[in-house]
Amino acid sequence: MKNLFDIRGRVVVVTGGAGILGRSICVYLAGQGACVAVLDRDEKAGEALVGEIRAAGGDALFFATDVLNREVLVSNREAILGAWGQIDILLNAAGGNMGGATIAPDKSFLDLEIEAFRKVVDLNLFGTVLPTTVFGEAMTARRKGVIVNFCSESALRPLTRVVGYGAAKAAIANYTKYMAAELAMKFSPAIVPGFLLTNQNRALLTNEDGSYTDRARTIIAHTPAGRFAEPEELLGTIHYLVSDASSFVTGALAVVDGGFDAFSI
């Protein structure tokens, strides 16, 4: 019987590939036999990651990118096609937050920095839309492909303080469902990860001494699993979504959050 989870030889593009989450995804998928294109702004981290993957016997290339620049993305696409001849999977893992789009405990929504809000929406929403249009073009030409977007708990329920990030991620959830119906191709669900300790949210969740902030303790108190997620705990779901095992799954949200969204008190 065919192994529905076999992704050997498939070409995977990962934006934000050198980040904490993206890095885990790239290492895992390369270990499963996929050809991984690591796209990131951080050339040093990206090249180091590719070196690590190759040292372990995997196939990977690094491409410096800007997910808000169509010309750069087109250049990335053509280089990837030149290297491997096709693009099978796109994982839109690039994203992030910034202070001005986050409401500090001693401030209110009236203090929101609109320009910071705009930048966060641009990075998360347009940083998903632009790669989808560029790399999706290579997929539609073959009438075959998988696109996975990364959402957030803040897309399901508004979370305090992260107003810009939450608005952008909620838009990604809607955009994913729209594109599922719009494109005559396989369009996998958005991933809704639980709370991970990343570079983007570290200041919100930890104090300078490494201890948890009040916000972090509140999040854990509302997570039945009783802890933050580890990046590796998303890999099984991602593997399922990018494989033939999910061939009739489209336009849905795959929630991996330790029970946070299901919890009530």
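Helices (H or I, at least four residues) and strands (E, at least two) are DSSP runs, numbered from the N terminus. The model is predicted, and local features need pLDDT of at least 70, side-chain atom pairs count only at pLDDT 80 or more, and totals for chains, interfaces and linings use all residues. Residues are numbered from 1 along each chain as its sequence is written, and side-chain values use heavy atoms, with hydrogens and water left out.

Helix H1 (residues 20–31) has 12 residues and reaches 17 Å from its first C-alpha to its last, close to the expected 16 Å; the expected span is 1.5 Å times one less than the number of residues. Leu21, Gly22, Ser24, Ile25, Cys26, Leu29 and Ala30 of H1 are buried, where buried means under 20% relative accessible area, exposed over 50%, and partly exposed in between (1.4 Å probe, protein chains only). Serine 24 counts as buried because its relative accessibility is 13%. Its side chain reaches the backbone oxygen of isoleucine 20 at 3.4 Å, a polar contact being a pair of N or O atoms within 3.5 Å; within protein, one must be able to donate a hydrogen and the other to accept it, and residues adjacent in sequence count only if both atoms are side-chain atoms. Apart from neighbours within four places in sequence, serine 24 is in contact (heavy atoms within 4.5 Å) with Pro231, Glu232 and Leu235. After H1 comes glycine 33, with a positive phi near 100 degrees.

An open sheet is formed by 5 strands in the order E3-E2-E1-E4-E5, with parallel pairing; two strands pair if DSSP finds at least two bridges between them. Strand E3 (59–64) and strand E5 (146–149) are the edge strands, each pairing on one side only. Between E4 and E5, the parallel pairing extends over 4 bridges, and leucine 90 has isoleucine 147 in E5 as its bridge partner. Helix H2 lies across E2 and E3 and runs at about 175 degrees to E3. For such angles, axes are lines fitted to C-alpha atoms, for helices over the stretch in contact, and values run from 0 to 180 degrees between N-to-C directions.

Arginine 143 is located in the loop between helix H4 (114–142) and E5. Although arginine 143 is not a glycine, its phi is positive, about 55 degrees.
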